[in-house]
Amino acid sequence: MTMAALLGGVASVLGQFNATVDPNANWVGYMNVFNLPSNGGGYVFGDSWGTADLPANFGAGVLTLGPNTNTYNPNDAFWVDATTGAGNKSLEANFFVEDPGLRGQTVNFSGTVQSNTLTQDYTAIAIIKVLDANAGYSLAFSDSAPLVAGNFNLSLQIPAGTNYIPQYGFQVVGPNAPSGHGFGSVVVTAVPEPSTVALLGGLGALIFVAVRRYRGARA
């Protein structure tokens with residue numbers, strides 16, 4: 001093995017970022033609000049939201065995602081249909097980690113869904129996505145998978161341009177609901193990411209072994 005080949009292998013490893021459902025990561029929330037499909041489905045507004053209001057909460061070793069309830073106000077026709085008592089808006093709850101440092105890398109995102117009891121009114125996905133700041137923060141690239149019981153594994157090459165905004169996380173879409181609703185939830189295993197020290201230690205061991213073999217071949 002030549003040193004050039006060795007360094008090329010290390011560069012390949014460093015070009016990969018393995019993301020998990022880590023409660024210690026910098027998770028943030030963003031909500032996009034739409035009219036219901038029966039009312040045309042048009043976009044109303046979007047704004048940063050507290051993660052607990054999405055809701056998306058870590059606790060007891062798991063992440064729980066569910067329908068939004070804090071907007072449900074039976075006295076406000078904007079949010080609730082006064083005739084039926086049903087939620088009057090479709091909410092796209094985004095729970096994610098945003099990291100410009102992922103530009104130019106391949107991001108792998110994996111986790112385990114313990115259960116998904118959401119009714120058919122809701123969709124829930126794991127997603128890696130790239131927004132383009134030069135195009136109104138529209139979606140430029142993505143990889144996603146439905147949150148069904150079992151493992152999910154996503155991978156996406158992130159472009160290096162500074163206009164690209166990499167994110168990975170989850171999205172739940174459906175109508176707002178009253179507290180105590182029976183629309184279900186999604187439970188995902190929360191797994192801390194491997195430490196950088198452990199990764200670098202592994203790389204150090206790889207380099208040490210490779211260098212010994214390289215020197216041995218020259219002896």
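In the protein chain, residues 24 or more positions apart account for 73% of the contacts with a separation of 6 or more, where contact means heavy atoms within 4.5 Å. The model is predicted: local features need pLDDT of at least 70, side-chain atom pairs count only at pLDDT 80 or more, and totals for chains, interfaces and linings use all residues. Residues are numbered from 1 along each chain as its sequence is written, and side-chain values use heavy atoms, with hydrogens and water left out.

The protein chain has two helices and twelve strands. Helices (H or I, at least four residues) and strands (E, at least two) are DSSP runs, numbered from the N terminus. Along the sequence the pattern is α-β-β-β-β-β-β-β-β-β-β-β-β-α.

Strands of a sheet pair through backbone hydrogen bonds, either parallel or antiparallel. Here six strands make an open sheet, in the order S3-S2-S6-S11-S8-S9, with antiparallel pairing; two strands pair if DSSP finds at least two bridges between them. At the edges are strand S3 (43-49) and strand S9 (138-146), each of which pairs on one side only. On average, neighbouring strands of this sheet are turned by 25° against each other, direction ignored; the axes are lines fitted to C-alpha atoms, for helices over the stretch in contact, and angles run from 0 to 180 degrees between N-to-C directions. The antiparallel strands S2 and S3 are joined by six bridges, and Tyr30 has Ser48 in S3 as its bridge partner.

A nonpolar core is a set of buried Ala, Val, Leu, Ile, Met, Phe, Trp, Tyr and Cys residues joined through side-chain atoms within 4.5 Å. The largest such core holds 39 residues, of which Leu65, Phe109, Leu147, Phe152 and Phe170 touch the most other members. Elements giving two or more residues to this core include strand S2 (27-35), strand S6 (89-98), strand S8 (123-132) and strand S11 (164-175).

Asn68 lies in the loop between S5 and S6. Is Asn68 buried or exposed? Asn68 is buried, because its relative accessible area is 4%. Beyond its neighbours within four places in sequence, Asn68 is in contact with Met31, Trp49, Asp53, Leu54, Pro55, Leu91, Asn176 and Ala177.

How values were computed. Buried means under 20% relative accessible area, exposed over 50%, partly exposed in between (1.4 Å probe, protein chains only).
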